[in-house]
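Please keep the sequence and the 3D view at hand while reading.

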Amino acid sequence: MDKKIAKLINEQINAELYSAYLYLAFADYYAEEGLGGYANYFEIQAAEERDHALIFRKYLHENGENVVLTEIAAPDVSFDNFLEPLEKALEHEKFVTALINKIYDAAFKEKDFRTMNFLNWFVDEQMEEEDNAEGMISNMKLFGSDPKGLYDLNAECAARVYTVPSPLAAE
């Protein structure tokens, strides 16, 4: 594997672990505001991001590369309303998409078809993540200002269950 690609993947591991920290901060905000369903949603998001880091880690090991874990920055977030974490989540998912695209571009330039194939799952996953984030924003804007609507949205988020991502499920 090209050293630049290995370096980018190591950086992605850190980015995915930071995403988990960030989503735990969102979960804490919602829990402290009495919206346990939204807290559940973001706790599951945090678990998924941790799993994404593990998938990248496993890929490096399978390709004879060393994993280099670096410091994970503490999220610096505070919110004034229930919509803000959802908007920050979409912004963050777009950032993660750009990071994955950067790795894909480097793999393409190196004709590293194995890494490109590996990244296809993440490309699809990011499309889904952005779509979900946009849907949550739309729902909050449409129904979140109504107490009954917010109650229903919170209940919907509470019903979310964790599913092991397919690249890890085979283990």
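A residue counts as buried when its relative accessible area is under 20%, as exposed when that area is over 50%, and as partly exposed in between. The model discussed here is predicted.

Asparagine 10 is found in helix H1. Its relative accessibility is 11%, so asparagine 10 counts as buried. Apart from residues up to four places away in sequence, asparagine 10 touches Leu60, Asn66, Val67 and Val68.

Proline 85 lies in helix H3. Because its relative accessible area is 0%, proline 85 is buried. With neighbours within four places in sequence left aside, proline 85 is in contact with Phe26, Tyr29, Tyr30 and Phe79. Between proline 85 and tyrosine 151 there are 66 residues in sequence and 17 Å in space, taken from C-alpha to C-alpha.

Lysine 111 sits in the loop between helix H3 (83-109) and helix H4 (113-143). Most residues other than glycine have a negative phi. The phi of lysine 111, in contrast, is positive, near 55 degrees. Lysine 111 has a relative accessibility of 59% and therefore counts as exposed.

**Packing of H2 against H5**

Two packed helices are described by the angle between their axes and by the distance between those axes. For helix H2 (residues 36-62) and helix H5 (residues 147-158), the angle is about 35 degrees and the axes are 7 Å apart. The crossing in which H2 passes H5 is left-handed. On the H2 side, the contact is made by Gly36, Gly37, Tyr38, Asn40 and Tyr41. On the H5 side, Leu150, Leu153, Asn154, Cys157 and Ala158 take part. Sorted by type, the residues of this contact of H2 with H5 are six nonpolar and four polar, with no charged residue.

**Salt bridges**

Side chains of opposite charge can pair when their charged atoms come close. With a cut-off of 4 Å between a side-chain nitrogen of Lys or Arg and a carboxyl oxygen of Asp or Glu, the count comes to seven salt bridges.

| Glutamate 11 | Lysine 7 | 2.5 Å |

Glutamate 11 and lysine 7 both belong to helix H1 (residues 3-32), where they are four residues apart, about one turn of the helix. Glutamate 11 has 38% relative accessibility and so counts as partly exposed. Lysine 7 counts as exposed, because its relative accessibility is 51%.

Lysine 148 and aspartate 152 both lie in helix H5, again four residues apart, or about one turn of the helix. At 52% relative accessibility, lysine 148 counts as exposed. Aspartate 152 is partly exposed, since its relative accessible area is 35%.

**The chain as a whole**

The secondary structure of the protein chain comes to six helices and zero strands. Read from the N terminus on, the elements run α-α-α-α-α-α.

How does the radius of gyration compare with that of a compact globule? For 171 residues, a compact globule would have a radius of gyration near 16 Å; the value for the protein chain is 17 Å, so the two agree. Along the principal axes, the C-alpha atoms fill a box of roughly 55 × 30 × 30 Å.

Among contacts in the protein chain with a separation of 6 or more, 81% are between residues 24 or more positions apart.

Technical notes:
Residues numbered from 1 in each chain as written. Predicted model: local features only at pLDDT ≥ 70, side-chain atom pairs only at ≥ 80, totals over all residues. Heavy atoms only, no water. Axes fitted to C-alpha atoms, helices over the stretch in contact; angles between N-to-C directions. Helix = DSSP H or I, 4+ residues; strand = E, 2+ residues; numbered from the N terminus. Left-handed = near helix turned anticlockwise from the far one by under 90°. Contact = heavy atoms within 4.5 Å. Nonpolar A, V, L, I, M, F, W, Y, C, P; charged D, E, K, R; others polar. Buried < 20%, exposed > 50% of the residue type's maximum accessible area, 1.4 Å probe, protein only. Rg over C-alpha atoms; globule rule 2.2 N^0.38 Å.
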